Amino acid sequence: TYPIRTMSFCEAAELAYFGAKILHPSTIQPCQDHGIPVLLKNTMDPDAPGTTISDADESTQSFHAVAAKDGITVIRIYSARMLMAYGFLRKVFEIFENYQTPIDMVTTSEVGVSVTIDNRKHLDEIVDDLKKYGTVSVDENMVIVCVVGDLEWDNVGFEARIVQALKDVPVRMISYGGSNYNVSLLVKASDKTRALQALSDHLFNNKA
């Protein structure tokens, strides 16, 4: 690892969710609203330049960091009734709302939807309710790996570099588009270290 000299507020918020707990997103919201830069310093090395977080990120590097969130469960609902239907996703999301269970990632197709959660408290009840709408499967012991940086969709090629880095790691889900600063990938917990190392080597250390 090495220090990141500049970072945008949005990138900092993404990393905070994935474990960079030194800075909670809500604490810097007033600074973001008023365009006030935030400087993070290292208490163990006060003379180090630290990291400046602002909306004027001058970094020319597309990728800034990779991080991971453990303890993820993925739930997949398959239903032919979803094809060309409206209101299906609302019914699915209402179940999670009823059990006060936040959703992390979402991917959809014409006949299925997969979501991830990090709170298994009401997993059994959620699955039972979802079975009213289709076939349900559950995969546990998963990890969300995120790549954070300047990932505007017209920055051609960054998706290919991420996928190439993980060519030997099975990926259960991929999520991009909700944010221009994060690509999230779901892998097995047993592949977490391998995935993080591969991304670090390929995106930051120029290893094939």
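Visitor: What joins β5 to β6?

Guide: A hairpin does, through three residues. This is a predicted model, and in it β5 covers residues 106-108 while β6 covers residues 112-117.

Visitor: In what sense do β5 and β6 pair, and over how many bridges?

Guide: The pairing is antiparallel, over three bridges. Within it, Val106 stands opposite Val115 of β6.

Visitor: Which other strand pairs with β6 in the antiparallel sense?

Guide: Strand β4, residues 63-78, pairs with β6 that way over six bridges.

Visitor: How many residues of β6 are buried?

Guide: Six of the six, so the strand is largely enclosed by the rest of the structure.

Visitor: Which residues point which way from β6?

Guide: Gly112, Ser114 and Thr116 point one way, and Val113, Val115 and Ile117 point the other way; all are buried.

Visitor: Changing topic. How many aromatic pairs does a search of the whole structure find?

Guide: Two. Phe88 and Tyr133 form an edge-to-face pair, with 6.3 Å centre to centre and 75° between the planes.

Visitor: Where do Phe88 and Tyr133 sit in the chain?

Guide: Phe88 is in helix α3 (residues 88-98), and Tyr133 is in the loop between α4 (123-130) and β7 (135-149). The two are 45 residues apart, and the pair links distant parts of the chain. Both Phe88 and Tyr133 are buried.

Visitor: And what about Phe158 and Tyr176?

Guide: Phe158 and Tyr176 also form an edge-to-face pair, at 5.5 Å centre to centre with 70° between the planes. Phe158 lies in helix α5 (residues 158-165) and Tyr176 in the loop between β8 (173-175) and β9 (182-188), so the pair ties together parts 18 residues apart in sequence.

Visitor: Is Phe158 buried or exposed?

Guide: Phe158 counts as buried, because its relative accessibility is 4%, under the 20% cut-off. Tyr176 has 30% relative accessibility and therefore counts as partly exposed.

Visitor: What is the volume of the second largest pocket?

Guide: About 240 Å³. The second largest pocket has 14 lining residues, and Asp104, Met105, Ser175, Asn182 and Ser184 are the ones nearest its centre.

Visitor: How does that lining divide into nonpolar, polar and charged?

Guide: For the second largest pocket, six lining residues are nonpolar, six are polar and two are charged. Helix α1 and strand β9 each supply at least two residues of that lining.

Visitor: Where is confidence lowest, and where is it highest?

Guide: The lowest is helix α1 (residues 9-17), with a mean of 79, and the highest is α4, at 96. The chain averages a pLDDT of 87, and 91% of the residues score at least 70.

Visitor: Backbone next. What is phi at Gln100?

Guide: Phi of Gln100 is near 50°, a positive value in a residue other than glycine. Most residues other than glycine have a negative phi. Gln100 is in the loop between α3 and β5, and it is exposed, with a relative accessible area of 70%.

Visitor: And what is phi at Asn141?

Guide: About 55°, again positive although Asn141 is not a glycine. Asn141 is in strand β7 and, at 62% relative accessibility, counts as exposed.

Note on methods:
Residues numbered from 1 in each chain as written. Predicted model: local features only at pLDDT ≥ 70, side-chain atom pairs only at ≥ 80, totals over all residues. Heavy atoms only, no water. Buried < 20%, exposed > 50% of the residue type's maximum accessible area, 1.4 Å probe, protein only. Helix = DSSP H or I, 4+ residues; strand = E, 2+ residues; numbered from the N terminus. Pairing = 2+ DSSP bridges. Phe/Tyr/Trp six-rings, centres within 6.5 Å; stacked < 30°, edge-to-face > 60°. pLDDT = per-residue confidence, 0-100. 1 Å grid on protein atoms, 1.4 Å probe; cavity = no way out; pocket = protein on both sides within 12 Å on 5 of 7 lines; lining within 4 Å. Points joined across faces, edges and corners; volume = space filled by probe spheres on them. Nonpolar A, V, L, I, M, F, W, Y, C, P; charged D, E, K, R; others polar.
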